[in-house]
Amino acid sequence: MKQKSIISAVALSLGLLTAGAANAVPFNISIVADNDFAIFGGTSTSINDVLYQNGVVWNSQISQLSTLTFNLAPTDTTFYVLAMGGGGQENISGKVNGVNISGIPVSMSGDIRSFLSGYDLNAVTNGTYNANLADVQYAFAHTTWGAATANTSDIVISSAGFGSGYHFDDSTAHLFRFDAISVGVQVPEPAGIALLGLGLVGLVAARRRKTA
């Protein structure tokens, strides 16, 4: 009877842990880009999924500025903002979970515009270009990373009201990489969950040997 009770407790514990791990991690974001942007989830070494595709021109982004909510998958620890320029002063600014993106650790990729199929300056200027996940993943594997250029004077950054943001070169496209933990999101650790599960299974095995 004790064995069955222990096994049931292990099954219940693992079930609860698995259910908890399956829940996506929510993010709140307010962002304005000149001109277009998209958001992706992943890890420090991969981009795994599309979280958000912007659909409006930069001045409409400001007039409609609100907090968007999207989910980071349990296995993801990093979010990426793909900033896309359509000509002129290219920049991005905003907040994630109330934290200004210019105040947290960030890395900026090289220009990946050439990797984005169908990249059209008019569509990007209008905020209607949708980046393909496979293109972005391929670009990720072939780009280099460096420091982002902070800016407080670009027109869109000033107009958006965040006070500061990041600037990049005319008509280029760049990934900005941020760790989820830097904006207060504690991502579940699958390895830790698995380790706890193994420990519980080991406890059952030890009990069986003892009662045998």
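**Helix 4 and the six-stranded sheet**

The buried residues of helix 4 are covered by elements that include strand 2 (36-43), strand 3 (46-53), strand 5 (78-84), strand 9 (145-146) and strand 12 (173-179). Contact here means heavy atoms within 4.5 Å. Helices (H or I, at least four residues) and strands (E, at least two) are DSSP runs, numbered from the N terminus.

This is a predicted model, in which local features need pLDDT of at least 70, side-chain atom pairs count only at pLDDT 80 or more, and totals for chains, interfaces and linings use all residues. Residues are numbered from 1 along each chain as its sequence is written, and side-chain values use heavy atoms, with hydrogens and water left out. The mean pLDDT of the chain (the predictor's confidence in each residue, from 0 to 100) is 83, and 77% of the residues reach 70 or more. The pLDDT is below 50 over residues 2-21, a stretch with 15 contacts in the model beyond near neighbours in sequence. Residues 192-196 also have pLDDT below 50, with three such contacts. Where pLDDT is low, the predicted coordinates should not be read in detail.

Helix 4 spans residues 133-142, and its residues Asp135, Val136, Ala139 and Phe140 are buried. Buried means under 20% relative accessible area, exposed over 50%, and partly exposed in between (1.4 Å probe, protein chains only). The four cover an arc of only 140° around the axis, which puts them on the same side of helix 4. The arc is that of the directions from the helix axis to the C-beta atoms. Helix 4 lies across strand 2, strand 3, strand 5, strand 9 and strand 12, and runs at about 140° to strand 3. Axes are lines fitted to C-alpha atoms, for helices over the stretch in contact, and angles run from 0 to 180 degrees between N-to-C directions.

Six strands form an open sheet in the order 3-2-5-12-8-9, with antiparallel pairing. Strand 3 and strand 9 stand at the edges with a single partner strand each, so one side of each is left without a neighbour in the sheet. Two strands pair if DSSP finds at least two bridges between them.

Strand 5 is largely enclosed by the rest of the structure, because seven of its seven residues are buried. Thr78, Tyr80, Leu82 and Met84 lie on one side, and Phe79, Val81 and Ala83 on the other. Strand 5 pairs with strand 2 over seven antiparallel bridges. Met84 of strand 5 stands opposite Asp36. Strand 5 also pairs with strand 12 over seven antiparallel bridges. Here Tyr80 has Arg177 as its bridge partner. Arg177 is also the bridge partner of Ser107.
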